[in-house]
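Here is a short report on the structure shown below. Please keep the sequence and the view open while reading.

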Amino acid sequence: MTMKPGIRKFSLTLHITSSVGWLGTVIAYLALAFAAATSKDIQTVRGAWIAMELTGWYVIVPLAIGSLLTGLIMSLGTPWGLFKHYWVLFKLILTVVSTLVLLLHMPLVSSLADVVAKTESANIGRLQRELFHPGVGLLILLLIVILSVYKPRGMTRYGWRKQHEIRKLSQ
Amino acid sequence: LNKLPNFKNENDFNGEIPPGMPRWAKITLIIIIALILLFGIMHLIGMGGKHSPMNHMGQRSLAAHTVANKL
């Protein structure tokens, strides 16, 4: 099933918007996490955690799900397919894994934001740091961007078989 | 159905051999597996933010309780 050019462009716009938005928000989240981890001011730490929780639930999660869904629509509605090319397949795996880890991690962010809100300033140094998840997440998203831009060649066995079948039928 | 190609087996495409996985794909696959393993190991040894995989099971109250006890 191939989409009409107008619908394809619209889907592509949605996909790029959600994916780039996801990447940008993770960078902003990382800046907040860095501020929360290094600041000695309890108000700054509390503010950073509140912002991280809100940004995570109301921006990063919707953008991640949007990116995954529009990516599925784009791959299934264009000749690229979902399992025909390695770069598309790897993007799918990385996006699914990132989204799952994000969804599993966000309840903990909410818990920690609650804890930080009740923490006295004397205990600020003992608070948990949140740099690992956004750091690894950013690396994965950058890898996805590289795959999207370069689209390195390489067809999977399934893609090659499909292409062979189409060539046979057209003869 | 008679239009479908009749291959003897999945490796027989009229003498053509399906391509193998390109080098970049192998390297990327190794990076992906390494990242997933790193993630798992960091969580198991507690370096992924001083919390256990239990905290990723949606046990919000438990996580809050655990962290609150540390303070």
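## Burial and surface

A residue counts as buried when its relative accessible area is under 20%. By that cut-off, 47% of the 171 residues in chain A are buried. For the 71 residues of chain B the buried share is 24%. The model is predicted.

Chain A has an accessible surface of about 9000 Å². Carbon and sulfur atoms hold 69% of that area. Chain B exposes about 5100 Å², with 65% supplied by carbon and sulfur atoms.

## Fold and shape

Chain A has five helices and zero strands. In sequence order the pattern is α-α-α-α-α. The C-alpha trace of chain A spans about 75 × 30 × 25 Å along its principal axes.

Chain B has two helices and zero strands.

## The nonpolar core

In soluble globular proteins, nonpolar side chains tend to be buried together. Here the largest nonpolar core holds 41 residues. Which residues touch the most other members of this core? They are A:Trp49 and A:Leu94. Several elements give two or more residues to the core: helices H1 (5-38), H2 (42-76), H3 (86-117) and H4 (132-150) of chain A, and helix H1 (23-44) of chain B. The largest share, 12 residues, comes from H3(A).

What does A:Leu94 touch, leaving out residues up to four places away in sequence? In chain A, the partners are A:Ile140, A:Leu143, A:Ile144 and A:Leu147. In chain B, the partner is B:Ile32.

## A positive phi at A:Lys151

Most residues other than glycine have a negative phi. A:Lys151 is not a glycine, yet its phi is positive, about 40°. Where is A:Lys151 found? It sits in the loop between H4 and helix H5 (157-170) of chain A. A:Lys151 has a relative accessible area of 36%. That value makes A:Lys151 partly exposed, because the partly exposed class lies between the buried limit of 20% and the exposed limit of 50%.

## Charge

Chain A carries 17 positive and 6 negative side chains. The centres of the two sets lie 24 Å apart.

Note on methods:
Residues are numbered from 1 along each chain as its sequence is written. Chains are lettered from A and ligands numbered from 1 in the order in which they are written. This is a predicted model: local features need pLDDT of at least 70, side-chain atom pairs count only at pLDDT 80 or more; totals for chains, interfaces and linings use all residues. Side-chain values use heavy atoms; hydrogens and water are left out. Helices (H or I, at least four residues) and strands (E, at least two) are DSSP runs, numbered from the N terminus. Buried means under 20% relative accessible area, exposed over 50%, partly exposed in between (1.4 Å probe, protein chains only). Accessible areas come from the Shrake-Rupley method with a 1.4 Å probe; for residues, only the protein chains shown count as cover. Lys and Arg count as positive and Asp and Glu as negative; His and the chain ends are not counted. The place of a charge is taken as NZ of Lys, CZ of Arg, CG of Asp or CD of Glu. A nonpolar core is a set of buried Ala, Val, Leu, Ile, Met, Phe, Trp, Tyr and Cys residues joined through side-chain atoms within 4.5 Å. Contact means heavy atoms within 4.5 Å.
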